[in-house]
Each structure stands twice: as structure tokens, then as C-alpha cells.
Amino acid sequence: MAAPKNNMDKKAPAKNVAGVRSDREKLFRALLVLFILIAAATALVFGVFWARQQLFNRNDRFKLREVVVKSGGYWQDKAPLLSSRLGIRPGMNLFSLRPAEIRRQLMAIPSVGNCEVVRILPDTLHLRVIERIPRAVLGNPRARWVVDETGMVIPRLESMSVSLPLPVILGMRLEDIEAGMKLDALNPALELIMLTVRNFPDISIVAINVRNPEKLEFFMRYRNQKSCKVIIPAHNRNFAFLLSTLQSAIIHAERRGDTRGTFDLSFDGNVIIR
């Protein structure tokens, strides 16, 4: 009975060796397949890159020959100037220009409110620019800075022209102002200006003083005839009600023949005429 047992013990290591070899062969084949797949993927990536270089990035048919700028303001018909600002030169490959990067550069220009960049094959770059509208000038009528309704500071020489004289915002330190700044402190004054532009056409603000944070003092013309000085509380943002009250007070004073021109609405909506 002992001899058969010894024979079984001798055969067991041989089976273990065969199993280990089989596992190693499977691992080797798996690694080989993985290596082949990685090599194929790498070759495909480099193949696509090479094809793109040959078919697009190094193809003379796609050399930039024209930059078209469409805008309703200052940048209209200024393609060479805007191209220089963006670092775009004739002869550059159209596919080497990244629309997203060009758009980022455009949006960094203070006068640009929105834009669109499109490559038009085979040789044209189309830039559509929506410019910010100047709503007030800072300091004096001929100052170098204007602002749009959000308080964005724009160089006057690069801003779109408007048909009417802009209101002047007074009471600011002009030496601290730079292009591209956002002046949130002007929000009450700009809100008042925009309200007259959109809803109170009979009121034309000529200048507005923001020196006093508690009160807005502005100079205006009513129906382009009567000149007035008006004082309203800056913290009371119900400007529509205050302007309606002001308009009624001016009409009432004219009917009475009252020629006084200062209207103070800083006392809870009551109008004091001086």
C-alpha cells in the first residue's frame, strides 16, 4: 500500500510546474497584446497628427489672406489695426489660429462687449465685434475716459461714437482710473442715467456729481428748455418714482410761473424748490 502513495507524491510537483508555465504563458500573451494595442494607438495618434500637419497646418492653401471685421462702432473697417492688436499676420496658417484664444484676446479689449470668431476656408478669418455703448464721460466733456452702463472704463479714442452729448460724471479722481476698470461706485449714477434714456425722454442729464455718497446732485434740461439742478438721495434706489415726482414738480412750477431751478428730493420724496 505504501508504494502507490509514493508514486502520487512524485507526480504532484510536475503538475505544479506545468500550471506555473501555463500562467506565465497567459501573462506573456496578455502583455504582448497590450503592447501591440498601445503601439497601434500611438501610431494612430502620430498618424493623425502627421496628417493634420500635412493636410491643414502646413498646407499653403490655408494661408491667411484676409481678416474681415464686422462691427457697429469704432472697430468697423479697422481690420489691420485690430489684427496687429491680436498678433495676427497675413500668411499665417488659418488652422494655427485658435478661435477660442482670439476671442479671449478680443474680450480683453475694454470697448468690446461680445464677439464671435469664425474661420472661413480657405483663407479668411471673420471677426464680429459687439461694442460697448458709452453712456457717460468722466471728469469733463473732452476727457479721455468714457464708461458704459456697467461702469466699464473705455478709452474714448477707441469707443463707438454716439449721436448725443454724453452726461459728465464729476467728483472722481481721474488719476486713479485705467482702461478696463469696472467702477461699481458709479452704479447709482449710471442707473439714473439709463433710466432717463429709456423711460424719461423729457429729462436730459448734462452732468452728475458723485462726490457725496449720500446724495446724487445732477444738472439737467427739461424738454431741452428749462435748466435745473436736482438733488436726490443715493441710497433710495427707487429712481423711477423720484423722477416721476421731479417731472410733476417741474410741470407744476411752470404752470405757476415759478422760475426757480433747484429741486431737492432728498427729504422722503418731498420736493423743495429753491
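**View 1. L34 lies in helix 1 (residues 2-57).** Helices here are DSSP runs of H or I with at least four residues, strands are DSSP runs of E with at least two, and both are numbered from the N terminus. At 46% relative accessibility, L34 counts as partly exposed, because this class lies between buried (under 20% relative accessible area) and exposed (over 50%), with a 1.4 Å probe and protein chains only. L27, L31, L34 and I38 together form a nonpolar surface patch with about 390 Å² of accessible area. Patch members have over 30% relative accessible area and no salt bridge, with nonpolar side chains (Val, Leu, Ile, Met, Phe, Trp, Tyr) joined within 5 Å and like charges within 9 Å; a salt bridge places a side-chain nitrogen of Lys or Arg within 4 Å of a carboxyl oxygen of Asp or Glu. Accessible areas follow the Shrake-Rupley method with a 1.4 Å probe, and for residues only the protein chains shown count as cover. The model is predicted: local features need pLDDT of at least 70, side-chain atom pairs count only at pLDDT 80 or more, and totals for chains, interfaces and linings use all residues. Residues are numbered from 1 along each chain as its sequence is written, and side-chain values use heavy atoms, leaving out hydrogens and water.

**View 2. Strand 3 (residues 124-131) runs parallel to strand 1 (residues 66-71), joined by six bridges.** Pairing requires at least two DSSP bridges between two strands. V69 stands opposite L127 of strand 3. Strand 2 (residues 112-120) pairs with strand 3 in the antiparallel sense over eight bridges, and E116 faces R128 there. Three residues separate strand 2 from strand 3 in their hairpin.

**View 3. Nine strands form an open sheet of mixed pairing, in the order 6-5-4-7-8-9-10-11-12.** Its edge strands, strand 6 (153-155) and strand 12 (270-273), each pair on one side only. The twist averages 30° from one strand to the next; axes are lines fitted to C-alpha atoms, for helices over the stretch in contact, and angles run from 0 to 180 degrees between N-to-C directions. Helix 4 (residues 187-199) packs on the sheet, and its direction makes about 170° with that of strand 8 (203-209). Helix 5 (residues 239-256) also packs on the sheet, at about 50° to strand 9.

**View 4. F239 is found in helix 5.** At 1% relative accessibility, F239 counts as buried. Its contacts (heavy atoms within 4.5 Å) include P188, L192, L195 and I232, not counting residues up to four places away in sequence. F239 and L195 are 44 residues apart in sequence, with a C-alpha to C-alpha distance of 7.8 Å.
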